[in-house]
Amino acid sequence: MDATTIGALLEAAIAAEEALGELGESIEDEWSYVNDLRQAWTDRLAEVAAGPLGERAAEPALIDAIELAIDEAGRVRDPHRAIDWLSTLPQVVLLAAGSEP
Amino acid sequence: MRFQDAARDGRAVVYASIQADPLVARAAELLSTASLAERVLARAAMNGESSDPDRWRRMFPTLFGPAALVDGRRSEAILGAALAVADRGEQVRSQVRGAIVEELTARLLARRAPAAVVRRERRILFDGVPAEIHPYDVTVEVAGLGEAFDCKWGARGINADVLHQLDDARTHALDEEEQLRVSLVVFDAERSCRVRLDAQTAPHAQTSLVALEQLDALAGPARAAS
């Protein structure tokens, strides 16, 4: 079985960011900010995923950490909190992966 | 230019009780010596959905467990304080989080300035200018170089009103040939703050941003806007 790469975990985090963005968009006054924020962070996650770190096999503890962070983001139902987590999730994920936010 | 205590109105009385909550002081003290990862842990857990500390420990493998890069006792204390904040309920936790950022800011500033000149909830008065309704969260009141800080939990708290208030104070000080440095302290990533600021048309070129990654700079020499 192929090892899970850090890049694959970051791609999953990007999908979680998209879901948070969709929830946060329901705050009409913040539509532009939500989309700008989502773009900024998904760009950063994609940049790290495409770099040398992304090719590395992830240790079990890192897989667990990022999957849990994504699960935590998926539990958010409040759109205001979703906007907050649009910023929080990538910070948690990138630090766990050993990258600067 | 002169500094003055804010009026003791209803808002001030309610907010003073939140600022006096022992949890605010406990969290701020812990965060004042925290690493970036510990501050992100606090941010996530204070506004998370889960109250199970083990989930949070597993999300931060560099802070907890066999692969931890640091002594886990401080991280454990920070996690405990963050979950205690999260346990307060939606409205109260929001107020407590804001008070923690202010207290943290004041504590870091007090490392480079005498505690007596680091003040909270102060207004800044200028000749012939109506006083702002909202006080500044934290001020450093040194003759010849005052500083005013507005503190935010998240980048979303940055708005036109806040930017105008800070920049107006700076320009009014210049009108009186005084120097007032103004800063935003935001307990959120610089990337998020820059996204928010880039969409603002209110003047902020001379307002310093102190984001989560730069909090320790508050304890160093006062900086020009960046």
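Visitor: Which residues in H2(A) meet residues in H5(A)?
Guide: In this predicted model, the partners on the side of H5(A) are A:Ile83, A:Leu86, A:Ser87, A:Pro90, A:Leu94 and A:Ala97. Sorted by class, the residues of this contact of H2(A) with H5(A) divide into 10 nonpolar, 1 polar and 2 charged. The residues that H2(A) brings to the contact are A:Val34, A:Leu37, A:Arg38, A:Trp41, A:Arg44, A:Leu45 and A:Val48.

Visitor: Is H2(A) roughly parallel or roughly antiparallel to H5(A)?
Guide: Helix H2 of chain A covers residues 31-50 and helix H5 of chain A covers residues 79-97, and their axes lie 9 Å apart. The two helices pack at an angle of about 10°, and angles under 35 degrees count as roughly parallel. That angle therefore makes H2(A), relative to H5(A), roughly parallel.

Visitor: How many helices and strands are there in chain A?
Guide: Read from the N terminus on, the elements of chain A run α-α-α-α-α. In keeping with that order, the count for chain A is 5 helices and 0 strands.

Visitor: What is the radius of gyration of chain A?
Guide: Along the principal axes, the C-alpha atoms of chain A fill a box of roughly 45 × 25 × 20 Å. For 101 residues the globule rule gives 13 Å, and the value of chain A is close to this, so chain A is as compact as a globular protein of that length. The radius of gyration of chain A is 13 Å.

Visitor: What share of the residues of chain A count as buried?
Guide: Among the contacts in chain A with a separation of 6 or more, 81% are accounted for by residues 24 or more positions apart. As for burial, a residue is buried if 20 or more other C-beta atoms lie within 10 Å of its own. Of the 101 residues of chain A, the share that counts as buried is 49%.

Visitor: Which element gives the most to the side of chain A that touches chain B?
Guide: The contact takes 26 residues from chain A and 26 residues from chain B. On the side of chain A, the elements that give two or more residues are H2, helix H4 (60-74) and H5 of chain A, and by class that side has 15 nonpolar, 4 polar and 7 charged residues. With 9 residues, the element that gives the most is H5(A).

Visitor: How many helices and strands are there in chain B?
Guide: From the N terminus on, the order of elements in chain B is β-α-α-α-α-α-α-β-β-β-α-β-α-β. Counted by kind, chain B has 8 helices and 6 strands.

Visitor: What is the radius of gyration of chain B?
Guide: The C-alpha trace of chain B spans about 60 × 35 × 35 Å along its principal axes, and 43% of its 226 residues count as buried. A compact globule with 226 residues would have a radius of gyration near 17 Å, and the value for chain B agrees with this. For chain B the radius of gyration is 18 Å.

Visitor: Which residue in the turn between S3(B) and S4(B) has a positive phi?
Guide: S3(B) and strand S4 (residues 146-152) of chain B pair in the antiparallel sense over 3 bridges, and the bridge partner of B:Val140 in S4(B) is B:Glu147. The two strands form a hairpin with 5 residues between them. The residue in that turn with a positive phi, of about 90°, is B:Gly144.

Visitor: Does B:Glu121 count as buried, exposed or partly exposed, and why?
Guide: B:Glu121 lies in strand S2 of chain B and has a positive phi of about 50° although it is not a glycine. A residue is buried if 20 or more other C-beta atoms lie within 10 Å of its own, and exposed if 12 or fewer do. Because B:Glu121 has 19 C-beta neighbours inside 10 Å, it counts as partly exposed.

Visitor: Is B:Glu177 buried or exposed?
Guide: B:Glu177 is placed in the loop between helix H7 (160-175) and strand S5 (180-186) of chain B, and its phi is positive, about 60°, although it is not a glycine. Because B:Glu177 has 7 C-beta neighbours inside 10 Å, it counts as exposed.

Terms used: Residues are numbered from 1 along each chain as its sequence is written. Chains are lettered from A and ligands numbered from 1 in the order in which they are written. This is a predicted model: local features need pLDDT of at least 70, side-chain atom pairs count only at pLDDT 80 or more; totals for chains, interfaces and linings use all residues. Axes are lines fitted to C-alpha atoms, for helices over the stretch in contact, and angles run from 0 to 180 degrees between N-to-C directions. Helices (H or I, at least four residues) and strands (E, at least two) are DSSP runs, numbered from the N terminus. Angles under 35 degrees count as roughly parallel, over 145 as roughly antiparallel, 65 to 115 as roughly perpendicular and the rest as oblique. Two residues are in contact if their C-beta atoms, placed from the backbone, lie within 7 Å. Ala, Val, Leu, Ile, Met, Phe, Trp, Tyr, Cys and Pro count as nonpolar, Asp, Glu, Lys and Arg as charged, and the others, Gly among them, as polar. The radius of gyration is taken over C-alpha atoms; the globule rule is 2.2 Å times the number of residues to the power 0.38. Two strands pair if DSSP finds at least two bridges between them.
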